[in-house]
Amino acid sequence: MSNVRRFFLNMSLRDGLLLGLGNPLLDISAVVDETFLKKYELQPDNAILADEKHKPMYSELIENYNAEFIAGGSVQNTLRVAEWILQRGNVAVFFGCVGQDKYAKILEDCAHAAGLNVQFQYTKDAPTGTCGVLITGHHRSLCANLAAANNFTIDHLEKPENQVHLQNAEFFYVSGFFLTVSPPSILAVARHALEFNKMFMFNLSAPFLSQFFKEPLMQVLPYVDILFGNETEAETFAREQNLGTCDVREIAKQMAAIPKVNTKRSRIVVITQGARPVLVVEDGVVHEFPVRKLDMAEVVDTNGAGDAFVGGFISQLVQKKPLEVCVNCGIWAAQKIIRNSGCTFEGKPDFDL
């Protein structure tokens, strides 16, 4: 991108244009074998919440597997990627809850280094959340111990200084993972977006959310302007909602047609399918966007690819770029991330329209 173009891009953006709500987690990432997955009853390419049997895993990763610490959590990853692509800083504000410990300081420092404005709620009642990122070959399994992230309350959003951020934002992004934490906070943001005709975006995030958090999910969906997910999440949603089809294209169309409270624009549904085309439903029509095939030798780690896709997509959306540009930037960002370990990036972005 030329310096002149970047100058005019920065002029078109502003602080706090985008607001995200999610679980700030410190990723503990390590390469393991299938025996380790079996020990903790984990599946490749899956994401779950930790229970008691998983708690010893985190110290084992640190002590025995040369684990790497990476600032994580789905929404925080997405916003960091968006900030990296925009190369401006402070376009995005992130809300979540952390403990009062050294891990919270690591997360805050990483967020600031990425240009992200974090407005954490701090709790004395739990440590900062962690997520085991278990890499087996080109696959990854996520096991999140939400800990402090689980303690976010709507009171934090209602503070006058945080209401200013809410009023200032024009785009909102929430992860489905936050359904397990504070549905009232999600609905508060969604209703604000509805009242002021702002853009509200949501991610299905993981199959278990459609299975076990149906009620809060279906309370949120009528407010969603743009819905993200992958093919597995879409298929699980279809089964749980008895949509009567396992065809991902048809599922996406039916999700787009779920009644919507903001009738000023139709819902857009974006479904990624790994190396297969991205499916996008707009105004009831399914569009396909091809994904450039990567040599498997280039693939380091698929962890964060979905988060990066949304980060790339949103980086163009906030600039009011066409849908095609948003999707192509999402694909570009995802392919950048899977060449690295974890949701990390370096150098200047080279996405070009």
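Predicted model: local features only at pLDDT ≥ 70, side-chain atom pairs only at ≥ 80, totals over all residues.
Student: In what order do the strands of the open sheet stand?

Tutor: Strands (E, at least two residues) and helices (H or I, at least four) are DSSP runs numbered from the N terminus. Two strands pair if DSSP finds at least two bridges between them. Here 9 strands form an open sheet with mixed pairing, in the order S6-S5-S1-S9-S10-S11-S12-S13-S14. Strand S6 (117-123) and strand S14 (285-289) are the edge strands, each pairing on one side only.

Student: How many bridges join S5 and S6, and in which sense do they pair?

Tutor: S5 and S6 are parallel, with 7 bridges; Phe94 has Val118 in S6 as its bridge partner. The chain passes from S5 through H5 to S6 in a right-handed β-α-β crossover. Right-handed means that, with the strands pointing away from the viewer, the path from the first strand over the helix to the second runs clockwise. On its other pairing, S5 is joined to S1 by 4 bridges, also parallel, and Leu19 has Val93 in S5 as its bridge partner.

Student: Is S5 mostly covered or uncovered?

Tutor: Buried means under 20% relative accessible area, exposed over 50%, and partly exposed in between (1.4 Å probe, protein chains only). S5 is mostly covered, as 8 of its 8 residues are buried. Ala92, Phe94, Gly96 and Val98 point one way, while Val93, Phe95, Cys97 and Gly99 point the other way.

Student: Which strands does helix H4 lie across?

Tutor: Axes are lines fitted to C-alpha atoms, for helices over the stretch in contact, and angles run from 0 to 180 degrees between N-to-C directions. Helix H4 (residues 74-86) lies across strand S1 (18-21), strand S5 (92-99), S6 and S9, at about 145° to S5. Helix H5 (residues 102-113) also packs on the sheet, touching S5 and S6, and makes about 170° with S6.

Student: Why does Glu231 count as buried?

Tutor: Glu231 counts as buried because its relative accessibility is 16%. This residue belongs to helix H11 (residues 231-240). Contact means heavy atoms within 4.5 Å. Leaving aside neighbours within four places in sequence, the contacts of Glu231 include Val248, Ile271 and Arg276.

Terms used: Residues numbered from 1 in each chain as written. Heavy atoms only, no water.
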